[in-house]
Protein chains: 2
Amino acid sequence: MTQKFDRSELFTLASGLLAQSGLGKDKADVVTELLVQTDEMGVTTHGVSMVPYYLPELASGNMTSEGTHDVVSDNKVAMVWDGNYLPGHWIMTQALEACMARASDMGMAAMAIRRSHHIGCLSTLTRIAAQKGFVCYIATSDPSGKWVAPFGGVEPLLTPNPWAVGYPGKDHPVLIDTCASITTVSKVREHINSGTEFAHPWMLDAEGNATTDPNVVNAEPRGSILPVGGVDHGHKGFAMGLMVEMLTQALAAHGRVEAPTRWGANVFLQVLDPEAFGGLEGFVAQVEHLNEACRASKAIPGRGPVRIPGDRAAKTGRASAQGGVALPDEVLTRLSAVAAEAGMALPRPITD
Amino acid sequence: MTQKFDRSELFTLASGLLAQSGLGKDKADVVTELLVQTDEMGVTTHGVSMVPYYLPELASGNMTSEGTHDVVSDNKVAMVWDGNYLPGHWIMTQALEACMARASDMGMAAMAIRRSHHIGCLSTLTRIAAQKGFVCYIATSDPSGKWVAPFGGVEPLLTPNPWAVGYPGKDHPVLIDTCASITTVSKVREHINSGTEFAHPWMLDAEGNATTDPNVVNAEPRGSILPVGGVDHGHKGFAMGLMVEMLTQALAAHGRVEAPTRWGANVFLQVLDPEAFGGLEGFVAQVEHLNEACRASKAIPGRGPVRIPGDRAAKTGRASAQGGVALPDEVLTRLSAVAAEAGMALPRPITD
């Protein structure tokens, strides 16, 4: 079940909760704006539902509440920042501004970021640049985490390593948002909490057997999440995972070598301006030609039509703008708990 | 069975064959050098075995034998070239030189190339930059080809869309070389020619059933190659495929819209200089830390040790340098045929 809420009331609650936990008002507003945009796109796992996770991080000081990032190196189109464990949404907003400005000037810019806090939904970030006509690639890893084994091995050594790319389409951006493992840590936790198994053998136990059981990650020795491709062709997902660790940690010259123990994010961000290559008009023509061919193509019998990544987010975005932001019950339960503790009230749901 | 050959004798034969078919000597030498390097790395499907495929392309004029590429746009770190269907190895050699020089100056450079001919083994190319301390990403698509259906669909609309990334490691580069589909067109042809099925259901028939039968690509209506992830999580491979088509065709503002009918390659090439980010020393330290953890980790019982992409190529490279270039019988059969036709002799194999 979901209930719909007024955007500004949701914003006031979420920003108020973050500010009450010590985050300055401008940072709290920047973080909240992106969380609400994420809910508006329908990705409610990464929207205001993150606030209950961020509050204890702020309280413990694991998420830094004041100050700014440090510039480690700046070579115009190539930059390294130290995020000082500030809120990832705030860091990424600054980083996107910097990379978009330089891509406008020079055609392209990239940045490796060490020690950011959680950056949330990657598509929310790539969409900002894609809506302005840029191609935007973001990858992230957590050098304190070990969840995915190298292909052929049984010891978890890598994180799921999400990566996303957003780029302009005709009516709305294409928003690819995926990762190098078959499933994510959140999905594993969901299955453990609900006592359910995966529909497919997406996990690997410590003896090297593929399994649908999410609990292998809590066994001793620990099992792992399989890379994209699974036991069958998981060398492809492993390759993708190595690439993300390289872009996010090796280019930042900070990562597993330093063995951080704090929940954090290393990030690689790149912005390209199609105008500096073959031009935006020709770019969109090619993108839309393929997208339309895919959407119009014959679907597997019994399945819905072929969708392009970003199509559903665009549709949900229009519905949210018209009828309010839909949040599922489990998010409302978590939000209610932290709101009550802070002496705040949940907004009233919109009734039709 | 394989037989070993002296590098320079193999070079003389391959370059001679290309030159006799009208390719200028310097271009023939550049192409041959990369083909032999590919064989030396052990990728004999993409080495001198390509010569018998290139000769009829030269003869028909589908592979251009004279002239040079056109610069479509040049914005220092962002470039577009038109390859005029010149040999891909020659185009890519020029493109790598341009991108490496600019990455040295500015930290990073990228290029989209339209209308190249076949560029061969991507790792051979990324290795050139990785050995000089750069990160090098290459992706390629063929806008005249349709082999992979969008996830959820049954009509082949995309090419397998190979991508590779090479980057410096401690003793030798990491060489990731993969694609967005589970298997490749060459593997499909091999299975058709040998009358064998795939070990796993890596194909999709026109009704949407996964199958081990390679012949579905010749059925009417045509079947397709499944994207990475297969029927289970193929949305991930489809996303990767869309990204490669975007980088190679949309940034080049030339691709499926123009509906070329000629065997060709669109390419995206990017070179990053770790020195412009966090420094090469810190880069290699992070890369090697993870690589060593993977190599030393516990393998799945009954399987060999965990390998990092590039490890095998480095080992084969050392063996080739010591004992000669090993070529399998099927390559020798094809080479013998074209050599005989051209009045040339195969070199004598090295005997131990």
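In this predicted model, 21 residues of domain 1 of chain A are in contact with 22 residues of domain 2 of chain A. On the side of domain 1 of chain A that touches domain 2 of chain A, helix 2 (25–40) and helix 10 (311–323) of chain A each supply at least two residues. Helix 2 of chain A provides the largest share, seven residues. By class, this side of domain 1 of chain A has 11 nonpolar, six polar and four charged residues. Both domains are built from two segments of chain A: domain 1 covers 1–66 + 310–352, and domain 2 covers 71–182 + 226–309. Their C-alpha centres lie 23 Å apart.

A seven-stranded sheet is also found in chain A. The sheet is open, and its pairing is mixed. The strand order is 2-3-4-11-5-6-7. Strand 2 and strand 7 of chain A stand at the edges. Each has a single partner strand, so one side of each is left without a neighbour in the sheet. From one strand to the next, the twist averages 15°. Strands of a sheet pair through backbone hydrogen bonds, in either a parallel or an antiparallel sense. For strand 3 and strand 4 of chain A, the sense is parallel, and the pairing runs over five bridges. A:Ala78 stands opposite A:Ala110, a residue in strand 4 of chain A.

Helix 5 (residues 122–130) of chain A lies across part of this set of strands. The strands concerned are strand 5 (135–141), strand 6, strand 7 and strand 11 (265–272) of chain A. Helix 5 of chain A runs at about 25° to strand 6 of chain A.

Contacts also link the two chains. Here 68 residues of chain A are in contact with 68 residues of chain B. Several strands of chain A each supply at least two residues of the side that touches chain B: strand 2 (70–74), strand 3 (78–82), strand 4 (108–116), strand 6 (162–167) and strand 7 (174–179). The edge strands, strand 2 and strand 7 of chain A, are thus among the contributors to the side facing chain B. Helix 7 (230–233), helix 8 (235–250) and helix 9 (280–296) of chain A likewise each supply at least two residues. Helix 9 of chain A gives the most, with nine residues. By class, the side of chain A that touches chain B has 40 nonpolar, 19 polar and nine charged residues.

Methods
Residues numbered from 1 in each chain as written. Chains lettered and ligands numbered in written order. Predicted model: local features only at pLDDT ≥ 70, side-chain atom pairs only at ≥ 80, totals over all residues. Domains from an automatic or database assignment. Contact = placed C-beta atoms within 7 Å. Helix = DSSP H or I, 4+ residues; strand = E, 2+ residues; numbered from the N terminus. Nonpolar A, V, L, I, M, F, W, Y, C, P; charged D, E, K, R; others polar. Pairing = 2+ DSSP bridges. Axes fitted to C-alpha atoms, helices over the stretch in contact; angles between N-to-C directions.
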